[in-house]
Amino acid sequence: MAAGGPAGDASEDSLSPRKLNGGSDVALSPFGASIGGSQASSLLKATSTLGALDVEQLGSGLPELRGACSAAELQVIARLASADHNFARPHPPATRNLLLAFWRWWKACLLPGMGMFSEAYIIFAIGNVEPLFGVTAPACWECQPEEAACTCNQTTVDNVKNVEISGVILGMLSFGFVADVMGRKWGSRLTMLIMFVGACLLTGAYGPTDQAFLSVFCFSLFFYAVGVGGEYPLASSSAAERAEGDPELRKRRGEMVVLTFSQQGWGNFVNSLVILLLLAMVGATGDVTPYQAEVTWRVQFGVGAVICFCVMLYRWVYLEESEVWKAEHKGVQKELMAEHDKAAMAGRRSWREQWVVLKHYWPRLLMTSLGWAANDFAFYGNKLFQSKFIAIISPGASRYVQMQWTLLNSGVALTGYYFAAYTIDRQWMGRKRMQCMGFLMMFVLFLFCGVFYYQMLDHAIQVFQTLYFLSSFFNQFGPNCTSFLVAGEVYPTDVRAFYHGISAAWGKLGAIAATSVFSQVSETSTFYASAAAGIGGALLTWAFLPDTTGLDLSEIDRAHRFMLAGQWHHYHGPAVKPRHLSLYERWRGYGKHYDLRLDEQQRKLQDMAKEEEARDVQAALADAQGPAVHAKGSSLEAL
């Protein structure tokens, strides 16, 4: 029987034949002893009968289960246990040393998010340094074609942000798929390698003409953005699985993922701070000269390259593979082989698995994709309006003063990540309520700004300023954090990164829509469009988002095994408990399958199957090793 867990692993790995010395069969016992010739043949023959759990001899211990399923179905259900997710490591003893305690917290919660820090530092830098490009090459970056000849293609200049977003989308889709095939460790290493090379290219970008520089800069930005895109599904999946593998962190999974994501906020904040300090250091607190502008933008990109290098070095030396992914990936491949999937039996990725997941989870994919798109539409609308906002509250401000306002806005947004992290796992809040609340608050705030825009500009600029900062706060204490989290929780482990990547890519399509729409409409229309995205996101969340607060990822993986085996209607565990389902899924009747009594009996059946398999393996080993042990004993007696 190819059951999950230790017994299944032993029978699959330890008893597989190896071809040695011209093709003779050799089997390896769990103790490392080689068994060859006729002994290997007898061992393989004995173990080939594993999986014959006699369901007719179950007795009266599982009455409801025997009445609900046929003998053939019970044979299948017996092998559908999820892999063991307990991979906890020893925790260090408690300490009163505040610095040591902070270091341990940073290492456990924030160090895994340094990839998000690196990507945010560079990505948000683009909007911060574009005005500096306008100082160094005004005929390129701030050209008005009707007033003077331009030295650059203005279509390219206008679409620099779209070049960046296109690279991010490519990285999300490609590395999301790669992470489910190659694993989290190698995916994370490759994304950071790309980001380091891209950051170096951005730092040293040069061209003999403005157009040549623009081309080099766009290529470097696209290259860097591919790594950025890969970081999204990898960071979310790795953080969720790291928490899932530790029983002490399992109920704080949302907190751990959001703290990882919070490094994005720190990357944005630190970049604004670095630019502000560099402007002060070169004496550009008033007007900025071309030399001061170039030194500032090159050095701040250089700082980002150093950060990328440090993170890359850590990942190549210390990063370990996700144990949860390894266990589930192996278990799913066994189940696909038990179902005689041709691709799995040939050692290839099975597209049947993708189809099964899409068939069952398309409403979730709709939610995580369009919900993220709605969030990014409003979020980028907020960011794109930032320069206009600063011009309104501080007319004629220098670049130095503008960066102070940008830093303040980044700091306000940063607090939202921590409000989200420390309430996301509370039963009174949870994922769904937080996302609905955030979207509704964005709807109210943006609608108020649109309706009373001119009145506030004339008579209540402080109110306008407060509303704008609140929109940044509730974007983080709401859909920006939850979109990143739930797209890595509502899907099975073996496809988690790919489906997270698809969802995140749709989010960036929302950002592209924002850059296209908001450049063509008035300020009030910008607020109305963002408000519409907020109410649309709230409705999608209410109808289609399941609440995974308190649900172990192992249950989603266990339900996945039932789907692959065509036994979805016989899954009765917590993954179909009504409180963990969306409104649409409850309407479809998925919650009717939840039955605690039947689920307990299925688990008992699966435990019995594992125990019987373990006994059969040991008996087969004893039969195969018996002659060899006897012969060895006779030789010792002769000596």
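This is a predicted model: local features need pLDDT of at least 70, side-chain atom pairs count only at pLDDT 80 or more; totals for chains, interfaces and linings use all residues.
Helices here are DSSP runs of H or I with at least four residues, strands are runs of E with at least two, and both are numbered from the N terminus. With that in hand, go to histidine 340, in the loop between α14 (323-338) and α15 (342-345). Residues are numbered from 1 along each chain as its sequence is written, and side-chain values use heavy atoms, with hydrogens and water left out.

**Stop 1: the loop residue**

Keep histidine 340 selected. Its phi is positive, about 60°, although it is not a glycine. Most residues other than glycine have a negative phi. Histidine 340 is also exposed, at 61% relative accessible area (exposed means over 50%, buried under 20%, and partly exposed in between, with a 1.4 Å probe and protein chains only).

**Stop 2: the whole chain**

Now zoom out. The protein chain holds 26 helices and three strands. Of its 639 residues, 55% count as buried. The chain exposes about 26,800 Å², and carbon and sulfur atoms supply 63% of that; the areas come from the Shrake-Rupley method with a 1.4 Å probe, and for residues only the protein chains shown count as cover. Take the contacts (heavy atoms within 4.5 Å) between residues at least 6 apart in sequence: 79% of them join residues at least 24 apart.

**Stop 3: α6 against α10**

Select residues 114-136 for α6 and 184-203 for α10; the two pack at an angle of about 25°, with axes 11 Å apart. Axes are lines fitted to C-alpha atoms, for helices over the stretch in contact, and angles run from 0 to 180 degrees between N-to-C directions. The pair is therefore roughly parallel (under 35 degrees; over 145 is roughly antiparallel, 65 to 115 roughly perpendicular, and the rest oblique).

Which residues of α6 and α10 meet? Show Gly115, Ser118, Glu119 and Ile122 on α6, then Met192, Met195 and Leu202 on α10. By class, this contact has four nonpolar, two polar and one charged residues. Here Ala, Val, Leu, Ile, Met, Phe, Trp, Tyr, Cys and Pro count as nonpolar, Asp, Glu, Lys and Arg as charged, and the others, Gly among them, as polar.

**Stop 4: on to α11**

While you're on α11, pick serine 215. It is partly exposed, with a relative accessible area of 40%.

**Stop 5: a buried pair**

Leaving aside neighbours within four places in sequence, phenylalanine 261 is in contact with Met116, Tyr417, Asn480, Cys481 and Phe484. Glycine 113 is 148 residues from phenylalanine 261 in sequence, yet their C-alpha atoms are 6.2 Å apart.

Finish on asparagine 480, in α21 (residues 461-486). Asparagine 480 counts as buried too, at 5% relative accessibility. Not counting residues up to four places away in sequence, asparagine 480 touches Phe261, Gln264, Asn375, Asp376, Tyr417 and Asn475.
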